[in-house]
Amino acid sequence: AAGFDPVAVRGDFPILARDIDGAPLVYLDSAATSQKPRAVIDAEVAFLAGANAAVHRGAHTLAAEATELFEDARETVAAFVGARPEQLVWTSGATAGLNLVAYALGNASIGRGGPAARRFSLAPGDEIVVTESEHHANLIPWQELAARTGALLRHIPVLDDGRLDLGVAASVIGERTRVVAFPHVSNVLGIVNPVADLVSLARAAGALTVLDACQSAPHLPLDLPTLGVDLAVFSGHKMLGPYGIGALYGRSDVLEALPPFLTGGSMITTVTLDRAEYLPPPQRFEAGTQPVSQAIALAAAVRYLGGLDMAAVHAHETALEQRMLRGLRQIPGIRLLGDADGVERVALWAFDVAGVHAHDVGQFLDARGVAVRVGHHCAQPLHRRFGITASVRASAALYNTEDEIDVFLDALSGVRPFFGADA
Ligand code: PMP
């Protein structure tokens, strides 16, 4: 794509210079975790080496510097998704963010059950809606919330071509629906879901929307307030940032009314032996010592991505995705998951190789330097829906090149002949 040079970008990622037993590394597992540019690694080290201190407390210079860096990071990451800083809650990752929401919603007694808690409490007869394509992180917390409250968990099915069945969505989402949780992009199908349609169905039903933006944040320009969702989560390590950091975004009125999940230090105003008053968001949801160096490094990741222009990143990745698709369609015995026509996608393809187990495919590719993911990718119901237990997933990011896609396709075309699978 014009204005974007993947080869220059590669130079910023030290690990991409590695080889795997003599073969150059072709890293196609960015949907599981992305690689980190030097700017991110350096930001974390620079903070730990030069400004580390506990934030929000203490009168000393280092504490003030650390607090400023930490809150600047919040502003930077919030701006990256179109939000204001007070709308961004640090979490340890997307899983933690989704659990925070599911536990807070069910926490009707916390803060002694004020009107806010009642607004969000669930009861038998209420319904929670997810999709059949969920990552387990956006499924199991809702199963458990349903079990705690007596609510019913329902789902929007996935069509044969990977799109969500919006016709069924319109009947599943109704007046009993309290929550609609769905992925912006499934980590197996790669399709950008119709957020606006789902948000309008949920709004008409008066339900809260919870968006899992793990697989879109690293790849698309993302403006969460414009998407209109009430709550959204994403994960730092999938967007060039460090492990142990992620964020929960919330509409201000929702966060202000939402009871906390974890309680303890840093989220309170006045505490007596009997009771506590809570801070407003985002601090209300940030009990305990926060992942400060990781937040600062995530801001460096976001500045790195922002400096590249996400529209140009997306255009480059779309070229990679299209090249992958053309090649995959030419290899006999490959069944793609989610190859719907005319949908917007990220550069990710999961597929089944007829007659060869996904783990064997993964090892065969690894021996040629190509790193892909194999297994159920934390989406067992989706694999079951397609009649398989495992798939192979190749996922690209901004630092991949068309040459690397060719290396992958070349290696993959040798798999079935090697294993003697029928053509
Ligand atoms: N949702 C999706 C769509 C994901 O791909 C992942 C990571 N595989 C998660 C949630 C969970 O993210 P984390 O493990 O970083 O909390």
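We'll stop at the ligand, then at a salt bridge.

Before clicking, note that this is a predicted model, where local features need pLDDT of at least 70, side-chain atom pairs count only at pLDDT 80 or more, and totals for chains, interfaces and linings use all residues. Residues are numbered from 1 along each chain as its sequence is written, and side-chain values use heavy atoms, leaving out hydrogens and water.

**Stop 1: the ligand's neighbours.** Select Gly93, Ala94, Thr95, His135, Ala137, Asn187, Asp212, Cys214, Gln215, Ser235, His237 and Lys238, and you have the residues that surround the ligand. "Near" here takes a heavy atom within 4 Å.

**Stop 2: polar contacts.** These are pairs of N or O atoms within 3.5 Å. Show the side chain of threonine 95: one of its N or O atoms is 2.7 Å from a ligand oxygen. Now pick aspartate 212, where a side-chain N or O atom sits 2.5 Å from a nitrogen of the ligand. Lysine 238 also has a polar side-chain atom 2.6 Å from a ligand nitrogen. The ligand taken alone exposes 400 Å², and the protein buries 84% of that (Shrake-Rupley method, 1.4 Å probe).

**Stop 3: a salt bridge.** What do the side chains of arginine 393 and aspartate 29 form? Select both and you'll find a salt bridge, 3.7 Å from N to O. The term means a side-chain nitrogen of Lys or Arg within 4 Å of a carboxyl oxygen of Asp or Glu. This pair links distant parts of the chain, 364 residues apart. The whole structure has 17 salt bridges.

Technical notes:
A polar contact is a pair of N or O atoms within 3.5 Å; within protein, one must be able to donate a hydrogen and the other to accept it, and residues adjacent in sequence count only if both atoms are side-chain atoms. Helices (H or I, at least four residues) and strands (E, at least two) are DSSP runs, numbered from the N terminus.
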